[in-house]
Amino acid sequence: MKGTIEIYRGNIVDVDCEVIVNAANSSLMGGGGVDGAIHRAAGPKLKEACKPLAPCPTGEVRVTEGFDLGDRLVFHTVGPVWRGGSEGEAELLKACYLHCLQELIKRELTTIAFPAISTGAYGFPANEAAGIAVHACREFAADHDVKISLTAFDEPNATAIQGALDQP
Ligand code: AR6
């Protein structure tokens, strides 16, 4: 594997990296959870920057500066709402990770921090989401020299992500 994948326990805004991924909704106008934390830390200019980029369809990504987050960019992606698992949720979640990683490479950047997309308000089960996240990141890191941080803000996600990373 060319790249690395690590777990980061804590607030994503504290990760030392070039890109912070936001688990947004399609309006890109902010919200609760990690979206709220990122908008608070970045300041009101973030919302202004998001306005012309909305709507963002599920599984896709939009890019803004980080404003008060410093030099870091924000990749806003929209995870799927969990509807039981038979509505393409897994594929859409995987698309969030891969589209962000492709955008990272396109911009010739290497370090990125992801939240556990969809596992809060959108209800995706933590274990399944962690498996998809780690699988997508490993697939990408096999061929690209990237440093990926998977952030775990709560205990269920920390256990799920660590468990997925421990699988060969
Ligand atoms: N740093 C890292 N992870 C965090 C933080 C933080 N500061 N805060 C929460 N988490 P959620 P979703 C974790 O609900 O499920 C928003 O209102 C949290 O523990 O933020 O994709 C948007 O506007 C959970 O594991 O995102 C959308 O409407 C994970 O982040 C909707 O919620 C994701 O939880 C998106 O829902």
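Q: How far does a polar side-chain atom of asparagine 25 lie from an oxygen atom of the ligand?
A: This is a predicted model, where local features need pLDDT of at least 70, side-chain atom pairs count only at pLDDT 80 or more, and totals for chains, interfaces and linings use all residues. Residues are numbered from 1 along each chain as its sequence is written, and side-chain values use heavy atoms, with hydrogens and water left out. The pair involving asparagine 25 and the ligand oxygen is separated by 2.8 Å.

Q: What is the distance from an oxygen atom of the ligand to an N or O atom in the side chain of threonine 119?
A: Aspartate 35 also places a polar side-chain atom by a ligand oxygen, at 2.7 Å. For threonine 119, the separation from a ligand oxygen is 2.7 Å.

Q: How much of the ligand's accessible area does the protein cover?
A: Accessible areas come from the Shrake-Rupley method with a 1.4 Å probe. On its own, the ligand has 700 Å² of such area.

Q: Which element gives the largest share of the shell around the ligand?
A: The shell has 23 residues (a heavy atom within 4 Å of the ligand). They divide into 9 nonpolar, 12 polar and 2 charged, with Gly counted as polar. Strand S2 (19-24) and helix H1 (33-42) each supply at least two (helices are DSSP runs of at least four residues, strands of at least two). The largest share, 4 residues, is from H1.

Q: Where does the ligand sit?
A: A pocket is an open set of points on a 1 Å grid, with protein on both sides within 12 Å along at least five of seven lines. A molecule sits in one if more than half of its atoms lie within 2 Å of its grid points. The pocket in question has a volume of about 530 Å³, and 26 residues line it, including Ala23 and Gly120. The ligand sits in the largest pocket.

Q: Which helix gives the most to the lining of the largest cavity?
A: A cavity is a set of grid points where a 1.4 Å probe fits but cannot get out, and lining residues have an atom within 4 Å of a point. The search finds 1 cavity of 30 Å³ or more, and the largest cavity has a volume of about 70 Å³. Its lining has 10 nonpolar, 3 polar and no charged residues. With 4 residues, the top contributor is H4.

Notes:
A polar contact is a pair of N or O atoms within 3.5 Å; within protein, one must be able to donate a hydrogen and the other to accept it, and residues adjacent in sequence count only if both atoms are side-chain atoms. Grid points are joined across faces, edges and corners, and a volume is the space filled by probe spheres set on the points.
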